[in-house]
Amino acid sequence: MAQASKQGHRASDPLVALRGIWKVFESVTVLRGIDFDIRPGEVHALLGGNGSGKSTIVKIISGAYQPTAGLIEVEGKAQILARPSQAHAHGIYMVPQEPHIFPNLSVLENLTTGLDGDSSTIRQHAREIAAEIGLKVDFNAHGGTLSIANQQLVEIARGLMRNAKVLILDEPTSSLTHHEVESLATQIRALTGRGIGILFISHRLDEVLDISDCVSVLRDGQFVLVAPTEGLTTEILVEAMLPEDFDASAEREAAGTMPDDTSLVLEVRNLSSQSFHDVSFSVRAGEVVGISGVVGSGRTELAEAIYGIDKSATGEVVINGKAAPQRSPRICQEMRLSYVPEDRHAHGIFLSLPCAQTISSSVMALSGAHFMSPAQENKLAQQFIQQLRIKLSSPMQEARTLSGGNQQKIVLAKTLAPEPRVIILDEPTRGIDARARQDVYRIIRELTAAGVGVVVISSEVSEIAEVSDRVLIMHRGRLSEMPEGQIDVDHIAAATLAETDEVSK
Amino acid sequence: MTRFGWLKSWEFMLLVALVVELAVLGMINPAFLNVQNLLFSTSDFVHVIIAAVGLTLIIMTGGIDISGVSLMGLASIILGLSFVAGAPIWLAVAVALGVGLLAGAFNGTVVANTDVNPLVITLALLFFYSGLATGLPTLLDMLGFKAYNAGGFEAYQYEGINGLPKSFTWFGTGRLGWVPMPLVVTIVLTLIAGWLLKHTRFGRFLQLIGVNPEAARYTGVPVKRTLITVYAINGFAAAVAGLVLTAYFTSARSDLGSEALLNIITAVVLGGSSIYGGEGSVLGTFLAGLVLGFLRQGLLSLGITSDVVPVIVGGLLIGTVAARIGMSALQRKRANRAAYETERGAMAAIGE
Amino acid sequence: MSRILKSREFLVLLLLVVMILAVSNVNSAVLRPMTLINIVNSSLFLMLIAMGQMFVILTRGIDVSVGAIAGLSAVIFGFALNAGIPLPVAMLAALLTGMAGGMVNAIGVVFVGIPPIIMTLGTLGVFRGLMRVLTGGSWIESIPHNIKSLSVTRIFNIPMMVWGVSALVIIVAILMWKIRWTRNFYAVGDNLDGAYLLGINTRKTRFVAYVLAGLFSGMAAIVFVGQIGFVPMQTGDGQELKAIAAVVLGGVSLMGGTGTVWSAVIGALFLTTVDSMMIFLRIPGSWNDAVAGAVLLIVVVLDYLIRRMARNRLLAARSSEMLHGEDGTKAQTLEQTEQRQ
């Protein structure tokens, strides 16, 4: 690795500098006065959990969002980047996590759309740059036929065609194979060799340590660690990213208090669908079963098949001792199984409704239910607002004005209102702050104490380790159980990461 | 909500607008304010309100159905043809309303089961129903049906069907005390629809679907069934509108109501419904319909040509939406600013 | 080549030919050149406003005011001619009127952020009302007769107008192919955020689309007045909905990003041919709308079913790869289909 040669650039002035940036969305503060530099010839990695504010920083630098307060300096001068095209004019280009490929336009058109100037010159330029970065495809083919790796190269080429001095790579490796990741790393080195500054975002810590010169870790809208990569280890990064009050010794606190009733509340036998194969497991009253798995492993699909969203799955599901061959969200909730979906905004919450109406919606949706008067609705909402410690000024407040954590609690309240005996939580703490996360864990403990069976699906190993009594690993649509003695961060992480590596190969 | 929160409501503003409008028109032309005339003039436009009330329920779900204007004519001609074919008038009414209901349910079935934009689906059906309405008389001839009083049905293709019994036309021309029957029908339907929306599970489902259809599905709301039902209700409302107009004109025609689309959608939007769904008020639609209708009557009474009316209606539609967009953008900006100041203050306090 | 054969435009064209041939079995008069030329001739007005509509729908908008803009332009055109203004200047006036109408829509939709259906429905009322106010509600007649020469003059037995519009269609097709900037319409309709992040001036792109819709409506007005020689009050009435039906039928998705100028041309031809075929089948003209509506509904629903089938097949392929541990290369095609929708 060309670590030494890149050290030479460290002293140089930043290409882009953020100074005291604040960002507030829908009354929710996402960034709290951050400072951040990107220097020429340097790969600056940005780390942080979901909802820590990473993508907001990226969008501010690339001109898609305007900061609520603070300054952006480009090569020492304060600039306003009101539009992405202005950021491009200052030599800043973002390669988004999901490349913006226009499937109905040709590859060449995909490369050149949005650029002004003489057509033949631009086309020639596009071909040269494509050759330079190793994009070898039919230029007349539809954009829709490109592989993800090539789509990313198209995006990088778009940046270079705009003479970018700063490239932002937002999770560029998340859907690449092992081989493609290596060739991307080579590309990145070639780019920094030309003096281009790179902002690199990734979840994979080994890659970050391998590729970057400098790492910043973001948590709840503030930096908790800014350091040169040299001397950093995976352990240091993991610790920085963990919630402030995470205490490994308290992890298994809940396990001691098993209730007397331990009947099976959920049995899944030989369940198969397009996304997973022959899955069997069971959940007892008062127990937390963690399902650990990477995105795309089939874990959410499994939950949706059990909950009756995906009706094509075959196999048996027994809820509270009764077979449920026909399932829909309504039937499941009537059989007292509930589900908190992974994507809160898309599937969970009604943002523009008063919270009381979201909370009552599940109860009202049950067949044979009655319309709830505003008074009844208010009473139900008040009950959960107290029980789950939801912070709002009144039950009539719209959910959109709440923080992520409180929004998640509203979804939890909605899910708990029909009094389920078994509940599936899919990424229950995604995008919420540390305190809300502890609240969610507390709620899970209270539920199990009351004899509810809980399934927690998560890609965050620390979360699985903290809350689970038993741990299942979902990998490529197949489910396996962790041995009882190995339910800790290291073992689960090892199992999950090892399996991820296998996928890459 | 404070005790006087309703003073800020959109419905109240519409009520104020209605009063101001009548006052201004009355000042210019005192003759306009004759209560009896004013009430009776509503019969010219309440069909718009009836159809708009049905559409309000659909727009609640984030959908749209523009085929209602064709269903008015279809219901009218079906009533007329059934009557000419010898059916008793109550049966003819039932058939016409039934067709409206079924046609609406069909619209809803296609909307609920495909991802095709409801605007396209109901555009196709707008053509289909209006073609059906104009073509039906000749179809009956081709199929060999005989009109009750000899002659083919074809004559009714563009001509109205007259001679409808008094018991039916009373719904268009009669009155209950001072209130003309069409207005009575409109008020009854508005009350029913308003009750459905505000006080039933069905109404809440409409709102949940409008705010977030996917979340509604995950919550257990029967999305498809609700959609089919609401489109059926809209079809029924359109058929009622067609029949009220038929009774008022004492003549059944296939092209009744075909000009009403702009007015219907304007009434819904001016009434406070969001075209994106999740927000709407039946009472608002009713009041907006009155504002629009009296505006037209007032201008006519001032001797201003009715040609100006669509200009004003169109302008109102655009102006209302633009004003609402501006207001909400301003509100959001203020709220974000306030949140920032609070957090920043809190952080500074910690820092000190 | 196979791409053309699989396209929606081709499917509808095929349907069109089949329909004509089927009707010719009943009434061979259909296949006479004069019949076909007349069909094309009477489709010109719809074709032009459909072409304008296409630009707007490409950007995922909609314009229901195109018929009213055409009506207003026709009135201005008629006034200009009656005032003795030379034909070219009168034509320019009609086109400028159309563009001005489109610009009003563009300002409301692009700069104020009013939903396109609301904005253009509002201007539909405004323009139609203006048209009546300007004319006092009466037809513009006694337009100098030389205007009709535009449609009466024939070259190789084909009316001048048909030649003119054909040339225009070809020019537009070539421009859409040659000018890189026109890809912005597709990019904006396909993925507005993506286009914005790419630095495309999305506002300008959408603005231009609405102005073009107005411009084409202005052209349609000239064709209309040229063909009938006067301006009735109904000019353009209901044509906005037909124009939308035509482009959607021809394969322009209301979700934006797909479709070509041929979609508009073939869609308009198809709807006009349906009307004509009814005559040859001696089915009363009152059924035209019913048939057009049914065809549109069937085509869009079929299109949905085909898309769903293709999607399910891809899903199954991806899953079997994942479950059986093959290389993930084909998995990407799923995301592409999702993007395409």
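This is a predicted model: local features need pLDDT of at least 70, side-chain atom pairs count only at pLDDT 80 or more; totals for chains, interfaces and linings use all residues.

User: In which hand does H12(C) pass H13(C), right-handed or left-handed?
Analyst: Residues are numbered from 1 along each chain as its sequence is written, while chains are lettered from A and ligands numbered from 1 in the order in which they are written. Helices are DSSP runs (H or I, at least four residues), numbered from the N terminus. A crossing is left-handed if the near helix is turned anticlockwise from the far one by less than a right angle, and right-handed if clockwise; for H12(C) and H13(C) the crossing is right-handed.

User: At what angle do the axes of H12 and H13 of chain C cross?
Analyst: Axes are lines fitted to C-alpha atoms, for helices over the stretch in contact, and angles run from 0 to 180 degrees between N-to-C directions. Helix H12 covers residues 239–249 and H13 covers residues 261–280. Their axes come within 7 Å and cross at roughly 115°.

User: Which helix gives the largest share of the side of chain C that touches chain B?
Analyst: Residues are in contact if their C-beta atoms, placed from the backbone, lie within 7 Å. Chain C brings 40 residues to this contact and chain B brings 38. On the chain C side, H5 (87–112), H6 (116–135), H12 and H14 (288–324) each supply at least two residues. The largest share, 14 residues, comes from H6(C).

Terms used:
Two residues are in contact if their C-beta atoms, placed from the backbone, lie within 7 Å.
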